[in-house]
Amino acid sequence: MVLKLGILASGRGSDFQAILDHVKMGILQNVEIKLLVSNVENAFVIERAKNQRVDAEFIQGSTGMKFESNGDREKFREDFDSNVIEVFNKKGVDLVVCAGFNQIVSNVLVKEFTNRILNIHPAYDVKRFGGYGMVGIKVHKAVIKEREKISGCTVHYIDYTVDRGPILLQAKVPVYENDSAELLAERVLVIEHRTYPKAIQLHADGRVQIEGNGVDVDLKSGSWEEKWN
């Protein structure tokens with residue numbers, strides 16, 4: 001059975017490209033990208049997708065827009081997610097993958113794709129370096145400020161929280177004494193590109209069991225991780 005992916009992205013699309021490359025190289029198996037949706041009209045990720053003959057759509061997102069109230073913002077996000085659900089369902093999407101997506105998903109999308117939405121966060125400790133406002137370079141600046149020795153990335157399922165969903169897979173990178181946030185960001189991005197496809201394959205292979213906020217991941221049986229590596 002082929003796992004059909006719907007990608008949500010907002011920026012340059014390097015995580016999207018990494019996933020697509022793993023599919024094209026035959027490393028990610030029984031996985032197909034059906035549709036990319038971006039909430040940013042001129043995002044480079046759209047150009048990437050079209051150049052690779054992947055269907056792509058723009059749906060106006062809430063990022064950067066002004067609203068009279070939080071309620072109006074939430075209603076807009078719910079409408080956005082409803083549109084995403086419609087186009088993803090038309091493509092038969094099984095798993096939603098947020099790849100550099102800068103908009104918090106609403107409960108509408110979470111309900112439709114319960115335990116079927118993945119996100120990657122650019123920190124190993126998501127409790128301390130995740131949540132509202134902790135995005136992009138802000139994460140790496142916070143890690144350096146706290147003089148952490150390690151950082152990395154975390155692939156988790158999206159639930160009704162922000163960055164607190166069940167963790168599927170994590171990877172570490174060192175933080176060096178004279179690191180800048182930009183240097184750390186580059187190091188984390190490299191490991192993101194290796195970790196996200198691996199997490200998707202684990203989901204596709206049915207090696208993930210979610211119970212509450214806990215995740216049981218089978219990396220060992222059948223020498224799975226050895227073969228992947």
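The questions below walk through a predicted model of one protein chain. Residues are numbered from 1 along each chain as its sequence is written, and side-chain values use heavy atoms, with hydrogens and water left out. In this predicted model, local features need pLDDT of at least 70, side-chain atom pairs count only at pLDDT 80 or more, and totals for chains, interfaces and linings use all residues.

Q: How many helices and strands does the protein chain have?
A: Both are DSSP runs, numbered from the N terminus: helices are H or I with at least four residues, strands are E with at least two. On that basis, the protein chain has eight helices and nine strands.

Q: What is the radius of gyration of the protein chain, and what does the globule rule give?
A: The radius is taken over C-alpha atoms, and the rule is 2.2 Å times the number of residues to the power 0.38. For 229 residues the rule gives 17 Å, and the chain's own value is close to that, so the chain is as compact as a globular protein of that length. Its radius of gyration is 17 Å.

Q: What share of the contacts with a separation of 6 or more joins residues 24 or more positions apart?
A: A contact means heavy atoms within 4.5 Å. Among contacts in the protein chain with a separation of 6 or more, the share from residues 24 or more positions apart is 66%.

Q: Why is helix 1 described as largely enclosed by the rest of the structure?
A: Buried means under 20% relative accessible area, exposed over 50%, and partly exposed in between (1.4 Å probe, protein chains only). Helix 1 spans residues 14-24, and Phe16, Ile19 and Leu20 are among its buried residues. It is largely enclosed because the buried residues number eight of the 11.

Q: Is Cys153 buried or exposed?
A: Its relative accessibility is 0%. Cys153 therefore counts as buried.

Q: Where is Asn42, and is it buried or exposed?
A: Asn42 is found in the loop between strand 2 (31-38) and helix 2 (44-51). Its relative accessibility is 69%, so Asn42 counts as exposed.
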